[in-house]
Amino acid sequence: MAATSPCMIAVLRSSRHWRVRPTATLPPRPRTLPRLHGHADAPTCCLAFSSRPVFTAPANLRRRLIAPSPAATGGGGGGQAATAPSGLPSPVGIAHLLVSLGIVLASDKFLKQAFAAASIKFPSALFGMFCVFSVLVVLDTLAPALAKGFMDFFEPATLFIQRWLPLFYVPSLVVLPLAVRDVPAASGLKIFLITFGGWFASLMVAGYTALTVRTIVKTQLIPAEPMNKPSPFATLEFWAWGAVFVASFAVAYVSPTAFGTTAKTCLPFLLASTVLGYMVGSGLPSGIKKVLHPIICCALSADLAAVAYGYLSRSGVDAVLGDYLTKAPSNPGAGDVLMGFLGSVIISFAFSMFKQRKLVKRHAAEIFTSIAIASTFSLYSTAILGRLIGLEPTLTISILPRCITVALALSIVSFFEGVNPSLTAAVVVLTGLIGANFVQAAMDKLGLNDPIARGIGTASSAHGLGTAALSAKEPEALPFCAIAYGLTGIFGSLICSVPAVRQSLVFIAG
């Protein structure tokens, strides 16, 4: 220890686990210290002398002496700031989510009421999306810091919607047994043929259109803005929803009208069964997901809960499914709560499109041309196929927006008379499931190897479910999937809002 430096002795003495007893006299301290490397305000023991070798402490001592950085402990900035050390959201993070999501939901509800009072048929949420996107563009031009703050404020809401997005599509699939009861088996087979054949045709049209435009404009592909991903499901969430299911099921069994009506009483356990099915389905191995997609698992879980309660309460499964989706604001069911988020899904498109605005601007020719042609083709080809194979006109009209996300597909069919919205939602989900399972192999066979063509083709033919399946294995195509996913529905809604287009579709369908 005779050669031990004063700096090292100070370090060892400051550690509660080490005691140092010098065994020899220390060399006299020089009047002028050699030049040090490091910041002038840094602790002396952390600086290295340039004129003598640096003494390196043992590894176990260094681990005790070095304080963990904020980034390592989750105390840094960004998305970790709202997370408690236990991994659960902090109270501040929960409050931030509730406020931001509440504003989005309130805005959607206000626009719905305003459009209904003014007898405007145009989708109110789509108008809201355009407003939010316009505000972001103006703020980004005048005060970029305000635009960033606006985006950061609503990020918890957009991540929440992204995390639970498939749940909002499920209610119409859960009540599908009621919706297709009056549909003949022959018509059901025709609908399946149109859905599968139409998906493949839409994929070809969108993909090859994008390739053709890419060949003409020859725009170089640039990296996209990174997209934040929602957090995975925690074990505590699963057990919490399980407890809600058991407790509320018992309450509904003992007192079917405990909360005033059967729909309100059944709401908690039906909602919990839907959420639990989605959590279980999301955690299945990828091989099983190809057969049992999380959305299918989710719908089956809710249906099984409805069957169990209908049997035990002797009310029948039809009555329970009727309580699942009442479509009555004064007496909502679990499905009404979930579908109440569909307008917010559309509004949230504004944030994702704004984040990728540079990519949209650079590849505007490929994106907008492909989407316009593919969306128009999808609508009119469905009407033509339905007429050719003799499908009932009302059923043909109900499945027109088969390649458009549920949130906007239901708005589109509301333009028409005598449609079956539950059938619309079911066909949209079926299209997405077909795309999720076969889109990559189909594009490989068709020679669609360009990331832009693959992204646009997938989203334009199989919307969100196809997008999720492709982005898991081809992240370079994700930005174009996300852009085309929203714009396909937007363009379809815009052209269907034109009376002449609606009349032509009805005429073709018969």
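What follows is a chat about salt bridges and a nonpolar patch in this predicted model.

Reader: How do you know which residues and atoms to count?

Author: This is a predicted model, where local features need pLDDT of at least 70, side-chain atom pairs count only at pLDDT 80 or more, and totals for chains, interfaces and linings use all residues. Residues are numbered from 1 along each chain as its sequence is written, and side-chain values use heavy atoms, with hydrogens and water left out.

Reader: Why is the contact between K112 and D108 called a salt bridge?

Author: The term asks for a side-chain nitrogen of Lys or Arg within 4 Å of a carboxyl oxygen of Asp or Glu. K112 and D108 have N to O at 3.7 Å, so the pair meets that rule. Both sit in helix α4 (residues 91-117), four residues apart, or about one turn of the helix. Helices here are DSSP runs (H or I, at least four residues), numbered from the N terminus.

Reader: What makes D108 buried or exposed?

Author: Buried means under 20% relative accessible area, exposed over 50%, and partly exposed in between (1.4 Å probe, protein chains only). D108 comes in at 3%, so it's buried.

Reader: How many salt bridges does the rule give?

Author: Eight. There's also a network of salt bridges linking R214, E366 and D450.

Reader: Why can F438 be part of the nonpolar patch?

Author: Patch members need over 30% relative accessible area and no salt bridge; nonpolar side chains (Val, Leu, Ile, Met, Phe, Trp, Tyr) are joined within 5 Å, like charges within 9 Å. F438 has 45%, so it clears the area cut-off. It lies in helix α21 (residues 421-446). L189, F192, L193 and F196 are also in the patch, which has about 490 Å² of accessible area together. Helix α9 (residues 185-217) gives the largest share, four residues. The areas come from the Shrake-Rupley method with a 1.4 Å probe; for residues, only the protein chains shown count as cover.

How values were computed
Helices (H or I, at least four residues) and strands (E, at least two) are DSSP runs, numbered from the N terminus.
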